Amino acid sequence: MLARHADKGRWVIDEEELRGKLPVEKANLVITTLEENFPDWKETPLKLDGIARSIELGDTVFEMLPNRSVLVVCDSGKDRAKLTSALTENEIGRCETKHNSEHPDDKKRIDMVHLDGVEINKLLQDSDDSTWLPYAEMIEKENISESEAIFRWLNDMNKPDNGVDPKIAPAESARRYRQLVHLVHANNKGIESGVPVVLLGVGHSGSLGQVKYEEG
């Protein structure tokens, strides 16, 4: 599973506002995640809606996972991707604990592995920002959505005569995403036979869009 980081933006950390947005147990999880993983932050690189969306992603992934699995989590290394990843991963853990407490006869066992390091982060990073900047400017100048800007970008990047160096096109980072998937497959030796290994990678929209574009 490949996911884009949640809503880019800024939110000045305000516990009262957070508790007005999320249920108690989820607000507590956000506070704990920020304190343990990002203790120096006064504001987050995600909007509050993005934080809530990261928690929702954790809920969704937990429901999708079978009763026995290994979940490999990684991110592109940018602050907003790291926060999305941390919140999602911690919410999956919270859901597992809650589920097993409420359903002792139908427990889930999710062994989580977090891949980190410069080389891993690079595999999930976006293409060169220079190809995207003109389209980012369209969002404000033409009052279009980010999704529309990404759609235009990907279509233009995939024209044979676009004049863009292949090394910095979205297709290049899409190939790196595939390398990451192969890397996880190649390094899952020693895992109990028959246990599914699930990759949850938090990256950037251009590369994700390119993967979808090519699959389409």
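**Close-up views of a predicted model**

**View 1. A glycine in a loop.** G117 sits in the loop that runs between strand 5 and helix 5 (118–123). Like every view here, this one shows a predicted model. Is G117 buried, partly exposed or exposed? With a relative accessibility of 28%, G117 counts as partly exposed. Now look for I191, which is 74 residues from G117 in sequence. From C-alpha to C-alpha, G117 and I191 are 22 Å apart in space.

**View 2. Helix 2 meets helix 3.** Here you can follow helix 2 (residues 24–37) and helix 3 (residues 48–64), whose axes come within 11 Å of each other. The two axes cross at roughly 110°. Angles of 65 to 115 degrees count as roughly perpendicular, so helix 2 is roughly perpendicular to helix 3. Which residues meet where these helices touch? From helix 2 come K26, L29 and V30, and from helix 3 come I51, I55 and D59.

View 3. Why is K26 called buried? The relative accessible area of K26 is 16%, and buried means under 20%, so K26 falls in the buried class. K26 and D59 also have partners: together with E91 and R94 they are linked in a network of salt bridges. By the rule used here, the salt bridges of the model come to a count of 14.

**View 4. A salt bridge between two strands.** In this view D111 forms a salt bridge with R68, and their closest N and O atoms are 3.1 Å apart. Where do the two residues lie? D111 is in strand 5 (residues 109–114) and R68 is in strand 4 (residues 68–75). They are 43 residues apart, and the pair links distant parts of the chain. D111 is partly exposed, with a relative accessible area of 28%. R68 is partly exposed too, at 22%.

View 5. E148 has a relative accessible area of 29% and is partly exposed. For R152 the value is 25%, and this residue is also partly exposed.

**View 6. A buried charge with no salt bridge.** E96 is found in helix 4 (residues 79–102). This glutamate is buried, yet E96 has no salt bridge. How far away is the nearest side chain of opposite charge? That side chain belongs to R109, and it is 6.8 Å away. A salt bridge needs the nitrogen and oxygen within 4 Å. Leaving aside neighbours within four places in sequence, E96 is in contact with F62, K108, R109 and I110.

**View 7. Another residue of helix 4.** D79 is found in helix 4 as well. With a relative accessible area of 39%, D79 is partly exposed. Which residues does D79 touch, leaving aside its neighbours within four places in sequence? D79 is in contact with W41 and P45. For a sense of distance, find H103: D79 and H103 are 24 residues apart in sequence, and their C-alpha atoms are 36 Å apart in space.

**View 8. A glutamine in helix 8.** Q179 is found in helix 8 (residues 170–186). Its relative accessibility is 44%, and Q179 counts as partly exposed. L123 is 56 residues from Q179 along the chain. How far apart are the C-alpha atoms of Q179 and L123? The separation is 7.3 Å.

**View 9. An asparagine with a positive phi.** Our last stop is N143, in the loop between helix 6 (129–141) and helix 7. N143 is not a glycine, although its phi is positive, at about 55°. N143 is exposed, with a relative accessible area of 71%.

Note on methods:
Residues numbered from 1 in each chain as written. Predicted model: local features only at pLDDT ≥ 70, side-chain atom pairs only at ≥ 80, totals over all residues. Heavy atoms only, no water. Axes fitted to C-alpha atoms, helices over the stretch in contact; angles between N-to-C directions. Helix = DSSP H or I, 4+ residues; strand = E, 2+ residues; numbered from the N terminus. Parallel < 35°, antiparallel > 145°, perpendicular 65-115°, else oblique. Contact = heavy atoms within 4.5 Å. Buried < 20%, exposed > 50% of the residue type's maximum accessible area, 1.4 Å probe, protein only. Lys, Arg positive; Asp, Glu negative; His and termini not counted.
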